[in-house]
Amino acid sequence: MAMGRGEATRERILAITETAVLAKGFGATSIEEIIAEAGITKSGFFYHFRDKNELARALLQRYMERDDVLLDEVFARGRELGADPLNGFLVGLKLLAETMADLPGGHPGCLVATYCYQERLFDRGVRELNRHIVFHWRTRFRTLLEEIVEHTAMQEPVDLDALADMVSTVIEGGLVLGRATGDPNILPTQIMLLRDYIKLLLEPAPPAVH
C-alpha cells in the first residue's frame with residue numbers, strides 16, 4: 001500500500017536520522033542537517049516531530065517494529081522447517097545468521113545500544129522505551145526457550161531469563177565487534193557459535209544405560 005505524502009515525508013525523516021545516528025550518535029545529529037537532507041522546511045519538520053525527544057521515540061519505535069518483523073519471520077520459518085521446538089529454534093538462529101551475512105557491508109548497528117551510550121540526551125519516555133525493548137527481547141526468546149524445555153528432558157537446570165538475555169547479548173556484542181573491527185562476518189559467526197552452545201545445552205539427555 002502506497003504511503004501518503006505526509007507519511008512518506010515522516011518516513012524519509014526517520015530514515016535519514018537513523019543513518020546519521022548510527023554513524024555518529026544522536027547528539028551529533030542536528031535537526032538542521034536532517035531538514036537539509038530531507039529537503040523540507042523547519043516548520044515541515046516540526047509538523048511531524050515536536051522536538052528531538054519525540055523524534056528519538058519515533059525512531060526507536062520504528063526500529064523495534066522492524067526488528068520484530070525480522071525475528072518473527074526467521075523463527076516462524078524455523079518452526080516450519082524444524083522437527084521439534086529445539087530444532088526449530090536452531091534453524092531460526094541459522095536463518096538469522098544467514099540474513100545478517102547477506103546484508104551488504106554488514107548490519108549498520110543497533111539504536112538500542114547507541115541510545116544507551118547517550119542516555120543523558122533523552123527524556124524519561126525515551127529511556128523507558130529503550131529498556132522496554134530489551135525486556136521485550138528477553139520475553140521473545142524466553143517464550144521460544146520455554147517451548148523447548150517443555151518438550152525436552154533437560155540434562156541440567158537452566159535459567160531461561162539468563163539464557164534469553166544471552167541470545168540478545170551475543171547479537172548485540174557481535175554488532176559492536178563487527179563495527180569496531182570493520183568485519184561484518186563477526187556477527188553471523190557469533191550467532192552460529194551461540195546456536196552450537198544452545199544445541200549442546202538443551203539437547204535431550206541420553207537414555208539411561210541399564
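Modeller: A residue is called buried under 20% relative accessible area, exposed over 50% and partly exposed in between, using a 1.4 Å probe and protein chains only. This is a predicted model, in which local features need pLDDT of at least 70 and side-chain atom pairs count only at pLDDT 80 or more, while totals for chains, interfaces and linings use all residues. Residues are numbered from 1 along each chain as its sequence is written, and side-chain values use heavy atoms, without hydrogens and water.

The largest pocket has a volume of about 410 Å³. A pocket here is an open set of points on a 1 Å grid over the protein atoms alone, with protein on both sides within 12 Å along at least five of seven lines; a cavity is a set where a 1.4 Å probe fits but cannot get out, and lining residues have an atom within 4 Å of a point. Points are joined across faces, edges and corners, and the volume is the space filled by probe spheres set on them.

The lining of the largest pocket is made of 19 residues, and those nearest its centre are Y63, D67, L70, M100 and H107. Two or more lining residues come from each of α4, α5 (85–101), α7 (124–150) and α8 (160–181) (helices are DSSP runs of H or I, at least four residues, numbered from the N terminus). The largest share, 5 residues, belongs to α4. By class, 11 of the lining residues are nonpolar, 4 polar and 4 charged (Ala, Val, Leu, Ile, Met, Phe, Trp, Tyr, Cys and Pro are nonpolar, Asp, Glu, Lys and Arg charged, the others, Gly among them, polar).

The second largest pocket holds about 190 Å³ of space. Among the residues lining it are V21, L22, C110, Y117, E172 and R179. The elements giving two or more residues to this lining are α1, α6 (111–117) and α8, and α8 gives the most, with 4 residues. The lining divides into 7 nonpolar, 3 polar and 2 charged residues.

C110, one of the residues that line this second pocket, is buried, with a relative accessible area of 5%. C116 is partly exposed, at 41%. The sulfur of C110 has its closest cysteine sulfur in C116, 8.0 Å away, which is too far for a bond. The disulfide count is 0, a disulfide being a pair of cysteine sulfur atoms within 2.5 Å.

The largest cavity contains about 60 Å³. Its lining consists of F75, R79, P85, G88, F89, L144, E147 and I148, with α4, α5 and α7 each giving two or more residues. The classes here are 5 nonpolar, 1 polar and 2 charged.

Helix α4 (52–81) is also a packing partner of the buried residues of α2, as are α1 (5–24) and α3 (42–48) (contact means heavy atoms within 4.5 Å). In α2, residues 31–38, the buried positions are I31, I34, I35 and A38. Seen down the axis of α2, these buried residues fall within an arc of 100°, so they line one face of the helix; the arc is that of the directions from the helix axis to the C-beta atoms. On the other side of α2, A36 and E37 are exposed.
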